[in-house]
Structure formats: C-alpha cells, structure tokens
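Student: I would like to go through the aromatic side chains of this structure with you, working from individual rings to pairs and groups.

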Amino acid sequence: MTGPVRTDRCDTVRCDALVIGSGAGGSTAALELAGAGREVRVLEEGPLVPQASISRASPAENLRLLYRQGGLVPIHGAPTIPFGEGRCVGGTTVVNGGLFWRPPDRLLECWASAGVDGFRTRHLAPHLAEAEQRLGVVDQPPGPGNRDSVLLAEAADRLGWRWAPARRVVRGCRHANRCVTGCPTGAKQSMLVSYLPAAERLAAVVEPDTRVVRLEHDGTRVTAVHALRDGRRLRYLPGTVFLAAGPIGSALLRRSGGRGPGRAIAFHVNFRTVARFDDPVRATSGTIFTAQLQEFADRGVRVMPANLTPGSVAAALAAHPAGTVDRMLAQLDRIAVYTTQVSVTGTARLLAVPGLGAVLRHRLTGGDRDLLRSAFRHTAELLRETGAVELLPPAPTSLSAAAQTADFAMHGRPESWDLISVHAMASCRMGPPALGGVCDTQGRPHGFTNLRVCDASVLLGATGVSPQETIMGFAHLIAARCLERPVGRRRDVG
C-alpha cells in the first residue's frame with residue numbers, strides 16, 4: 001500500500017510513476033500512464049485554481065495568480081524580454097491562446113536529419129490525432145467582435161498572401177476576450193479541464209503547491225525526489241520520473257548534478273503593433289488569434305490579432321509617451337492590436353546566480369535583427385492594406401505616412417524594441433551528446449534509465465508554430481514508448 005509515511009526527517013511517499021509539472025507535457029504523460037494502469041502522482045509547483053475561481057476573478061487577479069512572477073520573468077539582454085509562463089495546475093495551457101498547430105513536416109524531417117529520428121510525421125500522426133480528438137480542435141471562426149481578424153483576412157486576400165483561420169482547442173467559445181488570463185467560461189480545453197480530470201478519473205493524484213527542489217540519483221537512476229509543500233519536506237520514492245517543469249524548471253537537473261540543461265534555450269519573440277482606424281473596429285469584443293497570416297511562415301514570421309483590453313493596449317504602448325497611451329485609450333473602439341511572432345536563431349541561456357536563483361540571458365544575432373525589421377515591414381504593409389491610418393510600432397514613435405513606416409522598417413533598432421516571449425523550448429534537447437544533445441530519443445537524459453523529460457525542453461529548437469500540439473505529441477510518444485504499447489490501447493477514460 002502506498003501513501004505518505006511519517007519519518008523523523010520528512011514525509012516519505014512511495015509511488016510507481018511521478019510526473020513533475022502539470023502543463024501540456026506533464027498532463028499528457030500523466031494520462032498516458034494512468035490509462036495504462038500505472039499509479040501516478042503529479043507534482044505542481046503552482047496552486048490549483050478551480051475553473052469557478054478563474055471565472056469569478058478579474059483579469060488582473062488571474063494574471064498574478066496563474067503566471068510565474070505575474071508574467072514578467074525577464075530574459076536579460078538587448079532588449080530585456082518579458083517571458084510569460086503559467087504557474088498553476090494546468091500550466092501555461094490555462095493562460096495561452098489555445099492555438100493547436102501540428103508541427104510542420106519539414107521541421108520534423110530537419111530534426112531527424114540532425115540525429116533525432118523516430119519523431120517524423122508518420123510517428124507522431126496517431127498521437128497528434130488522439131490529442132486533437134480529445135481536445136476538440138476546430139478552425140476558430142471570428143466572433144461578432146472580431147472585425148480585426150476579418151480586416152486581416154480581407155487584406156491578405158487583396159495582397160495575394162496566405163492566411164488561415166486559427167486552429168484552437170475550444171468547445172463552445174463565447175468570445176469572452178480573456179484567453180490569456182484564464183478562460184472564464186471553461187470553453188478553452190486547457191489541461192485543467194481536460195487531460196488532468198481524465199487522469200484523475202483513473203486514480204492519478206495531483207498535488208499542487210509542491211515545489212521539487214532536488215532529484216537524488218546515482219548517475220543512472222533517480223532514487224528519490226525531494227520537494228517542499230507548506231513548509232513541509234517531502235521525499236518521493238518513484239519507480240519512474242517524468243520531468244515536465246518547462247525549460248526554466250529544467251534547471252532542476254543542473255541543481256541535482258545533471259549535465260547540460262539550459263545552455264541554449266530556443267524561443268519565439270513577439271512584438272505588438274497598435275493600429276488605429278477611422279471607423280470602429282470594436283476589437284474588445286473579439287477572441288484572440290482567429291486569423292493568422294502565414295505568407296512568411298517559412299521565414300518564421302506569423303501575424304495575428306491579439307486580445308484587446310484597456311490593459312493590453314497600455315502594455316503594448318509601455319514604451320510610448322503617456323499622452324499617446326491616453327489618446328489611444330480614448331479611441332479604444334477604433335483600435336486593434338496585432339501580434340507578430342518571429343522565430344529567432346539567437347538563444348537564451350539559463351544561469352544559476354547566487355541569491356537570485358535561475359536567471360535567463362539572451363543575445364539576438366545580426367540575422368535576428370534583420371528578420372525582425374523584415375517582419376515589421378510585412379506587418380505594416382498588411383495593416384496599411386486593412387485601412388489603418390496610424391501605426392504604433394514596438395518603439396516610442398507614431399507612423400502615419402508610408403515613408404515614415406518604410407524608414408522605421410529599414411532603420412529600426414530591434415535591440416531597443418518592446419519584445420515579449422511566451423514560447424521557450426529546447427533546454428534539454430534530444431540528440432547525441434557530441435552535438436549538444438541532453439536527452440536520447442526516449443526522452444532520457446543521457447546515462448539515466450528511469451528519468452524522462454517530456455515537455456518543450458526536449459524539442460530540438462523553435463517550432464515556428466505555437467508549440468502546444470508538438471509538445472503533446474512528443475509527450476504522448478515518449479510515454480507510449482516507456483510503456484511499450486501502441487497508441488489507442490489505453491483503458492477507457494470515459
């Protein structure tokens with residue numbers, strides 16, 4: 001019989017399978033393991049915030065409660081980039097836009113040629129299909145307030161540019177316009193309302209507010225996992241450990257004497273462009289990301305409308321003079337905010353600084369700066385075609401004339417732009433050690449037998465698309481290989 005055993009030093013818990021982290025990767029592994037009849041415990045550093053509490057709270061309250069450091073983890077460099085990551089049961093899936101894109105075939109082939117075979121499209125396809133079916137992925141149509149999306153699609157058509165409706169995991173979206181601070185209706189199928197409840201129905205146990213501080217191991221096997229909860233020390237004695245604490249949380253491996261994590265974290269950067277129109281747009285009544293420009297996806301550039309609230313407009317204009325912010329807020333019904341996502345090649349590094357803990361530093365390459373300027377040029381051309389009469393770029397200036405816009409796109413200094421990031425990957429990338437790989441194709445850090453990493457950390461680099469479906473596909477496959485069973489042989493979860 002398992003469960004807590006009181007000792008003189010701490011509570012000791014024996015378990016078959018221990019999952020560290022409850023986001024996209026951890027929840028997927030938990031459901032796979034529980035469905036195979038394994039006894040599963042899921043440890044989550046953040047709180048359990050029930051759907052009813054998310055619905056009652058204000059966006060500002062949820063921002064503080066659901067995100068790590070209120071969504072302001074800094075990636076130091078030029079510029080310093082705020083990184084947003086969920087810290088709650090369900091992880092970042094609770095606060096993301098619900099986008100669910102399959103990894104591009106060419107990306108998986110590239111990763112296979114880099115020494116990581118076994119994750120090509122044919123390997124992942126049944127696992128991706130299972131996740132899509134379970135979560136109810138749909139092509140999200142615009143809501144009654146998504147004039148910003150309609151304008152993007154119409155402008156792209158006139159320019160002859162490719163665009164697509166967003167693929168999102170939602171059931172009965174009510175266009176509440178609060179995706180990034182927790183869906184108030186429960187329509188978005190985050191892990192909190194989907195995979196984790198299914199795993200719990202199969203007797204998995206989710207333990208929130210539990211911070212893992214160290215993995216005890218002999219170099220090949222994890223023999224104990226040490227954690228803290230409410231001032232109590234806990235020691236878990238697992239048979240198998242699945243680490244899904246995110247690229248920042250993967251520093252746990254280094255703290256525990258592991259090799260290599262955090263040396264080169266890949267990430268996407270986003271910049272926001274505020275567009276003002278002569279006619280009302282009323283984007284405050286819309287839904288995030290219901291159309292996406294994909295014309296330049298092969299270069300790692302995608303453009304989409306963002307959530308619009310008074311707070312998000314103020315955040316997008318943080319570098320602008322106060323008078324500009326006031327002027328835009330006074331015309332809120334004529335404003336839309338567009339997010340441009342860019343896959344940069346520069347990486348971030350996770351450092352351990354005494355007294356500060358984990359610190360992230362990045363460096364944009366010259367090619368990244370050129371790509372960001374090019375991405376803004378394409379964004380501006382698209383938004384001019386929508387009919388926008390004024391653009392406020394990610395720097396403290398206003399662009400009304402075409403010549404101004406062209407000059408900014410050519411001579412702007414991205415190292416001073418207001419950039420953000422919500423996608424980090426590859427801190428424990430798969431691959432041969434000689435090529436910088438930390439994990440093998442089973443997700444095991446090299447040398448370990450009962451430890452597997454199963455989140456964005458094992459990806460080989462930036463995905464170019466929102467990574468949730470890629471993460472879940474990899475986690476499904478890693479767990480299935482651990483269980484040595486084909487997809488679809490899980491016990492019925494109802």
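Student: Is Phe408 buried or exposed?

Tutor: In this predicted model, Phe408 has a relative accessible area of 11%. Because the limit for a buried residue is under 20%, Phe408 falls into the class called buried.

Student: And Trp417, is that residue buried or exposed?

Tutor: The relative accessibility of Trp417 comes to 3%.

Student: Which aromatic pair links distant parts of the chain, and how many residues apart are its members?

Tutor: The whole structure holds 8 aromatic pairs, and one of them joins Trp111 and Phe474 edge-to-face, with 6.0 Å centre to centre and 80° between the planes. Trp111 belongs to helix H4 (residues 105–113) and Phe474 to helix H14 (residues 468–483), and both residues are buried. The pair that links these distant parts is therefore Trp111 with Phe474, its members being 363 residues apart.

Student: How are the rings of Phe408 and Trp417 arranged as a pair?

Tutor: A pair of aromatic rings is described by the distance of the centres and the angle of the planes. For Phe408 and Trp417 the centres are 5.4 Å apart and the planes meet at 10°. Since planes under 30 degrees apart meet the criterion, the pair is stacked.

Student: Which residue has its charged end over the ring of Tyr195?

Tutor: A charge counts as sitting over a ring only within 6 Å of the ring centre. The charged end in question is 5.6 Å from the centre of the Tyr195 ring, and it belongs to Arg134.

Terms used:
Residues numbered from 1 in each chain as written. Predicted model: local features only at pLDDT ≥ 70, side-chain atom pairs only at ≥ 80, totals over all residues. Heavy atoms only, no water. Phe/Tyr/Trp six-rings, centres within 6.5 Å; stacked < 30°, edge-to-face > 60°. Helix = DSSP H or I, 4+ residues; strand = E, 2+ residues; numbered from the N terminus. Buried < 20%, exposed > 50% of the residue type's maximum accessible area, 1.4 Å probe, protein only. Lys NZ or Arg CZ within 6 Å of the ring centre and 35° of its normal.
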